[in-house]
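I have opened my notebook for a new structure. Come and look things up with me, one entry at a time.

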Amino acid sequence: MSKTILSINAGSSSVKLSLYRTSKDDPTPKALADIQISGLTSPPPLLTYKRREQSVHKNKKLKEDNIKNQKDAFSYMLDELVNDAELKEVSKQEDISVTCHRVVHGGDFDHPKILNEDTYHRIEALTDLAPLHNASALEIIKFCIAALPSALNIAVFDSQFHQTIPEHIRTYPISPSIARSNKLRKYGFHGISYSFITRSVAAYLRKPAEQTSLILLHLGSGASACAVKEGKSLNTSMGLTPLSGLPGATRSGNVDPSLVFHYAANVGKLSPASTGDLHISRAEEILNKEAGWKALTGTTDFGAIAAAVENGGHGEEVERKRLAFNIFVERVCGFVGNYYVGLGGKVDALVFAGGIGEKSALLRQRVADQVQCLGFGVDLESNKKEEKGVVWDIGIKGARHRTLVCETDEQFEMARICVEEKEFVE
């Protein structure tokens with residue numbers, strides 16, 4: 001029997017949906033459609049829709065009054081899919097068999113969970129630790145349960161990939177009893193992406209995943225690094241929350257913990273953005289939403305930052321963008337060196353992924369140049385080519401280790417993970 005799976009990826013500024021078909025004879029999810037609305041935090045919202053290989057809409061501007069949040073975006077896109085006469089597999093909402101939701105923070109969950117009242121409340125309790133993502137995911141989950149009563153709703157957690165991190169790496173040097181009672185430890189995120197990248201790169205290298213060790217860089221508006229040892233997460237840059245580690249579009253990444261108390265006087269108070277269900281302190285708001293390269297340059301567009309660096313020039317604006325670029329490169333290289341040592345130098349490849357990792361040739365070149373002493377390097381021509389495929393090689397010939405780029409696909413990975421859990425699709 002065939003199943004139609006809807007993968008839902010709700011971010012802080014966008015919502016992405018991917019529709020797949022799977023059958024008992026061929027369980028690999030087959031893509032039917034991809035649709036997303038971006039620009040929720042910087043209107044107007046933009047719609048992009050691809051049915052199979054056909055582009056239906058690309059960056060179509062939508063009315064701001066109709067789409068104010070992630071739930072509105074999801075509802076709009078669901079109607080778009082159902083009302084598309086060319087998408088015959090989904091002519092009504094009841095044709096959707098399974099919905100799988102990306103949930104950033106899953107606490108101690110180490111595999112996907114069917115969304116029932118208990119699971120919902122356990123995710124809700126973690127919202128304060130991932131306020132930019134868990135809250136929006138829960139809004140859509142609540143809407144889905146009501147709008148698609150015949151569908152099986154499943155949560156797939158970004159943190160589940162990192163449950164293999166050893167105790168001495170995931171433990172913070174604080175009171176063990178307080179850490180246990182408050183569940184304070186490193187969890188790690190971007191795990192759905194890292195799961196996809198690990199499998200895809202292992203296949204590209206023609207090695208079993210369990211024999212593959214990698215340094216992975218998921219670089220986007222939210223950025224992180226991960227050390228994979230023999231197919232499993234050994235370490236990652238994000239911690240208790242997605243804030244730690246690398247800087248991002250609006251996140252500070254690692255800073256001295258006492259910095260925020262010198263930054264402003266009211267950091268312990270609740271932010272005006274807090275709600276009855278979501279409690280955000282001014283400290284969390286400053287470091288999550290008012291930092292990163294937006295604070296340094298005035299823009300969240302890393303492409304514009306990289307272009308300013310590449311084009312050269314002088315002036316305060318260019319210098320600020322150059323500083324932000326150099327900070328990002330330096331922080332990324334720090335984690336590459338750390339994880340290289342953690343893996344004992346036994347590394348099959350350094351892999352760039354995420355919007356910045358896939359698109360910024362300059363960023364890849366600068367990082368590879370700085371970690372050349374470890375045996376990595378990029379070929380200038382290969383690095384600038386726009387490749388087609390999931391994984392491609394940009395490494396210089398004769399280098400000790402491979403340097404690759406992977407076009408990650410979180411929605412596909414979510415669908416694949418759900419298919420592998422037999423109880424969800426049989």
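Here are my entries, starting with the ground rules.

**Ground rules.** I am reading a predicted model, where local features need pLDDT of at least 70, side-chain atom pairs count only at pLDDT 80 or more, and totals for chains, interfaces and linings use all residues. Residues are numbered from 1 along each chain as its sequence is written, and side-chain values use heavy atoms, with hydrogens and water left out.

**Terms.** Helices (H or I, at least four residues) and strands (E, at least two) are DSSP runs, numbered from the N terminus. I call a residue buried under 20% relative accessible area, exposed over 50%, and partly exposed in between (1.4 Å probe, protein chains only).

**Gln93.** I found Gln93 in the loop between helix H1 (70–82) and strand S6 (98–103). Gln93 is partly exposed, at a relative accessible area of 24%. Leaving out residues up to four places away in sequence, I see Gln93 in contact (heavy atoms within 4.5 Å) with Leu78, Asp79, Val82, Ala147 and Leu148. From Gln93 to Val82 I count 11 residues in sequence and 6.5 Å in space, C-alpha to C-alpha.

**Helix H3.** I looked up residues 134–147 next, the 14 residues of H3. The expected span of a helix is 1.5 Å times one less than its number of residues; H3 reaches 20 Å from its first C-alpha to its last, close to the 20 Å expected. Its buried residues include Leu138, Ile140, Ile141 and Cys144. The buried residues of H3 pack against strand S1 (3–10), strand S2 (15–22), H1, S6, helix H2 (117–124) and strand S8 (152–157).

**Helix H6.** Just after H6, Arg206 takes a positive phi of about 60°.

**Cores.** A nonpolar core is a set of buried Ala, Val, Leu, Ile, Met, Phe, Trp, Tyr and Cys residues joined through side-chain atoms within 4.5 Å. I see 35 residues in the largest one, and Leu219, Phe302, Phe325, Phe328, Val336 and Leu363 have the most contacts inside it. Helix H11 (316–342) is one of the elements supplying at least two residues of this core. H11 gives the largest share, 10 residues. Apart from this core lies another, of 29 residues, among them Val156, Ile197, Val201 and Val351.
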